[in-house]
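Here is a short tour of some side-chain and helix packing. Have the model open and follow along.

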Amino acid sequence: MSVRETKFVEVILPLALPNTFTYRVPHEWNDDILIGQRVIVQFGKGKKQYSTIVAEIHSTPPKAYQAKYIEAILDEQAILHQKQLIFWNWLADYYMATIGEVMVTALPGGLKLASETRVLLHPDYEKSVEGLTDDEYLVVEALEVRNVLELSEISQILNIKYVQSKIKSLIEKKAVMVEEEIKQRYKPKMVDYVRLTEIANKEENLKQIFDDLGKAPRQLEMLMTFIQMSKRYTASSNEVKKLELQKVLNASSSLLNQLVTKEIFELYKVEAGRLVTQEATSREKVLNEYQQKAYEEIKAYFKTKSTVLLHGVTSSGKTEIYIKLIQEAINEKKQVLYLLPEIALTTQIVRRLQAIFGEKVGVFHSRFNENERVEVWNNVLKFNPGHFEDFQIILGARSALFLPFSQLGLVIVDEEHENTFKQYDPSPRYQARDASMVLASIQGAKVLLGSATPSVESYTNAREGKYGLVKLTKRHGNMQLPEILCADVKDATKKKKMNSHFTPELLKMMEENLESGKQIILFQNRRGYSPVMMCDTCGNAPQCVNCDVSLTYHKYKRELNCHYCGYHTQLPSACPSCGDTNLQVKGFGTEKIEEELAIFLPNAKTARMDLDTTRAKKAYHQIITAFEEKEIDILVGTQMVTKGLDFENVGMVGVLNADNMLNFPDFRAFERSYQLMSQVAGRAGRKGRRGQVLIQTFNPEHQVIRQVIDSDFEGMYKNEVIDRRNFQYPPFYRLIQLTLKHRDERKLEDGAQHLGKKLKHQFGKRILGPEAPGIARIRNFYHQNILFKIEKEASIKKSKEVLRAVLQEFAVHDLYKSIRVVVDVDPV
C-alpha cells in the first residue's frame, strides 16, 4: 500500500505580519496545489477567513503550532510567478515593510476576496437526490431550511472536522455554490449575442419561418437584418451582438424577445474585455543623426551594463528612441514595461504607442476600476510568444511594477527624476524607479532611465560608471531651446505696476502670443483659490479642526478645505473670532488665476488642470485633447503640466511664483525648483518658432533662476553635490525617516525622546531628532520625526537589522506601545 504524502504550504496573509504561516494541504488536493495560487485559510480569533497566496510548498510541519488545513483553492493555475515572489520579498526587506503589506499593494482589488466562506444552494439545483451521498443529502437538506451555511456549521451537521471534499463534490454536481463565487470582486463583462436556434438554423425550416412571418413585418425585418449582419451566406460568418441588432433597426428588446419566444432566436453570452485597444496605423519614425547616435550608444552600453541614463534636453525626441528599443524587445519576444510618473502623461504616449504597436499596448494605473485592473493582470499573465501577445507592452504609473511579467526584456522609466515614483502611503513606501532596477535584475531585463533634468542620485551613479550615460543635446528638428526671461515682482510691486498677480511683462507676452495664434501654459504649484483667508481686523485665519494648517479657500465650491485630511466647511460670512465681515484672501492658487484671466484677457478660452479638475476617470484625456485641438488658449495648472506633455502650438510658458518652490524647507528644494521650471519651460516652442518663458520672482538674481535661464544643469548639479557632501545627504548618505504618531502630544514627545536615545546609543551622530515637523498635527495625530543618516560605505543591511531590533523593543514597551512608528526608507 502506497504512503500518502503530507504537504504543507507557506501562505502570505493580507495583514501587516512579518512572517508567512504554515497550513496543511488536504490529501485530495496534493496534485492541485501550486506556488502562486490563491487559497482560503482560517486565521486568528473568530475563525475569520482570508484569501492568501501560496509562497512555498514543503513537507515540514511547523514546530510552534499545529497547522490548520487550507479551506479552498481558488485558482486552477497560479495568478503570479515565482519571480514576483522574489521581488515581493526584496521590497519587504529593503523598505522595512511586511510581506503582507506588499501583497495588499501588489494585487488588484478584484483578486482579493471577502473573508468568510459560506455555502448556499446552486440556483440551477432541481431538488433531485440522485447521485448524492448521504452526507451530501444532509447538507442540501439543511440548506433548503437555512439557505446559507458556514463551513463550521456544515462540519457540525456532518460531525466531520474537514468538509472541503464534501463541498467540492457538491459544487461539481451543481448542487451548491460557495459565496466566494458571488463575492469575487472581479466579474467578467458579459455581452449578449443573438443566434438562430438549432431548429431555425436548418435551411428548410428557415424558409418556412420566412413564410410564417409574412404577417409580422417588423419581426421579418429583424430576421432579415440578422441574416445580413451574420453574413450567413458568405464564407466567413459573423457573431451578432443583441444591442447592435436592435440599434440597426431602432427596435426594442420586446421585438427580439418575440422571436426568442417563437424559438427562432436564442440569446447567449460572451465574455468581453473592458479594455479599449486599437490596431496599428503608422510606422516608427526614422531617427535623426543625433537620435541614432544616442540609440547606438545605449545599445553599446547594454552589452556591459544593465541600466543606462538618457539625459536628453526637452523635445529632443527621447520617445522615438524608446519606440525603437521597444520594437527590438518585441522582435525578441520579450515584454516591455514603460513607467510614467503621472496618469496624465499616459493619454499622449498611449496614442503614440498604439498607433505603432496596436493591440500589443496595455495601460495600467489607479484610475482603472477593479475589473479593468484584473483584466490587464490576466492579459499580462497569459502572455505567450506566438500564441497570446496582447499587452506585450505595459504603460503605466508605479503600480504597474507588480504585474505578473514572465519574460520582461526592457523597462523604461520616463521622467525618472519625478518624486511621484515614490509611494508615500500605505506601506511599502517604495521608489518605483529604484525598485524597477531590482525587478529587471530578477527578470534579466535592461533598464533605460530618461530625463531632461535627471535626479542628482541618478546622475551621480551615471558619472561614477554604475549606469551608462548617454546625452542628447539637440532638440528635434533643430528647434532652439526657449528664450527664458525673468520678471521682477518686487520691483513691479514697488512701482505699483502689478495687475493683481501678473507683471506687465507677463501680460504683454501673453497678449502677443494670443494675437499670433499661439497657446499658453501658466504654472502655479498651488491649487484652490487662495491658501489663506484672513480677517483684516483681528488677523484670525480659519484653521483645520484636525490638522495644524490653515484652510484653503475654494471659490467654485464656496468652501474652506484642508488639503491634508479632507475636512471642509462653508465659507463664513463674518470672522468667527471678532465678528467683523472684512475677510481678505492672501496668496493665490490655480483657481484664482483662472478667474482673473477672464478679466485681463476676456477673449481667451482658459482651462485648469489640477487635482480638483482631474478627479474623474477621463478628465485628463478630455483636458489634454481639448488643448491639443486648440479649443483652449490658456492652460493653467499645477506640476501636472510640467511632466513630458507634448503640445505643438504652445508659444509661451509663464511661471507665476518661483519663490514658493525655492524657499521650501527641504534639502532637495533647489534641485526640484530647477527641474520643475526647466520641465515646464520645455513645453514651449516644440514646433515652429522659438518659444518664450517668463519666470516671475522677487529674487531675479537667485542662482537657481540664473541656472534655469542658462539651461545650466551641470552648474546646478555641481552646487548640489558640494552641499550634499558637506551636510551628509544623498547621494553620499542613505536616509531612513521614522515618523512617530499619537493623539496624545505629551506621550508622543516622551516616546520620541525615549526612542531617540535608544537609537543614538546604537548609531551616535547618525541620528537627528526627534523633532516636530512643520505641520505637527495631521488627522488629529501629532507627529515627531527622527532622521537616520547612513554612510554609503556602511552596511545598510546590518543597520536595518539593528534598527528593527530597537523598533521591536519599542513596540512592546508598556508606556509607548500605543505609539505608531512609520518607517520610510529613502524618503523624498
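## Two helices crossing

Helix 25 passes helix 26 in a right-handed crossing (a crossing is right-handed if the near helix is turned clockwise from the far one by less than a right angle, and left-handed if anticlockwise). Helices here are DSSP runs of H or I with at least four residues, strands are runs of E with at least two, and both are numbered from the N terminus. Two packed helices are described by the angle between their axes and the distance between the axes. For helix 25 (residues 745-763) and helix 26 (residues 796-811), the axes come within 11 Å and cross at roughly 150°. Helix 25 is therefore roughly antiparallel to helix 26 (angles over 145 degrees count as such). Axes are lines fitted to C-alpha atoms over the stretch in contact, with angles from 0 to 180 degrees between N-to-C directions.

Which residues of helix 25 and helix 26 meet? Helix 25 brings Gly751, His754, Leu755, Lys758, Leu759, Gln762 and Phe763, and these meet Ser799, Val802, Leu803, Val806, Leu807, Glu809 and Phe810 in helix 26. Contact means heavy atoms within 4.5 Å.

## About the model

This is a predicted model, in which local features need pLDDT of at least 70 and side-chain atom pairs count only at pLDDT 80 or more, while totals for chains, interfaces and linings use all residues. Residues are numbered from 1 along each chain as its sequence is written, and side-chain values use heavy atoms, leaving out hydrogens and water.

## Aromatic pairs

The structure holds 22 aromatic pairs (ring centres of Phe, Tyr or the six-membered ring of Trp within 6.5 Å; planes under 30 degrees apart are stacked, over 60 edge-to-face, the rest tilted). Phe667 and Tyr729 are stacked, because their ring centres lie 4.3 Å apart with planes at 20°. Phe667 sits in the loop between helix 21 (659-662) and helix 22 (669-681), and Tyr729, 62 residues apart from it, in the loop between helix 24 (713-727) and strand 30 (733-742). The ring of Tyr729 also has the charged end of Lys789 over it, 3.9 Å from its centre (NZ of Lys or CZ of Arg within 6 Å of the ring centre and within 35 degrees of the ring normal).

Phe667 is partly exposed, at 23% relative accessibility (buried is under 20%, exposed over 50%, partly exposed in between, with a 1.4 Å probe and protein chains only). Tyr674 and Phe713 form a tilted pair, with centres 6.2 Å apart and planes at 55°. Tyr674 is buried at 3%, and Phe713 is buried at 6%.

Terms used
Parallel < 35°, antiparallel > 145°, perpendicular 65-115°, else oblique.
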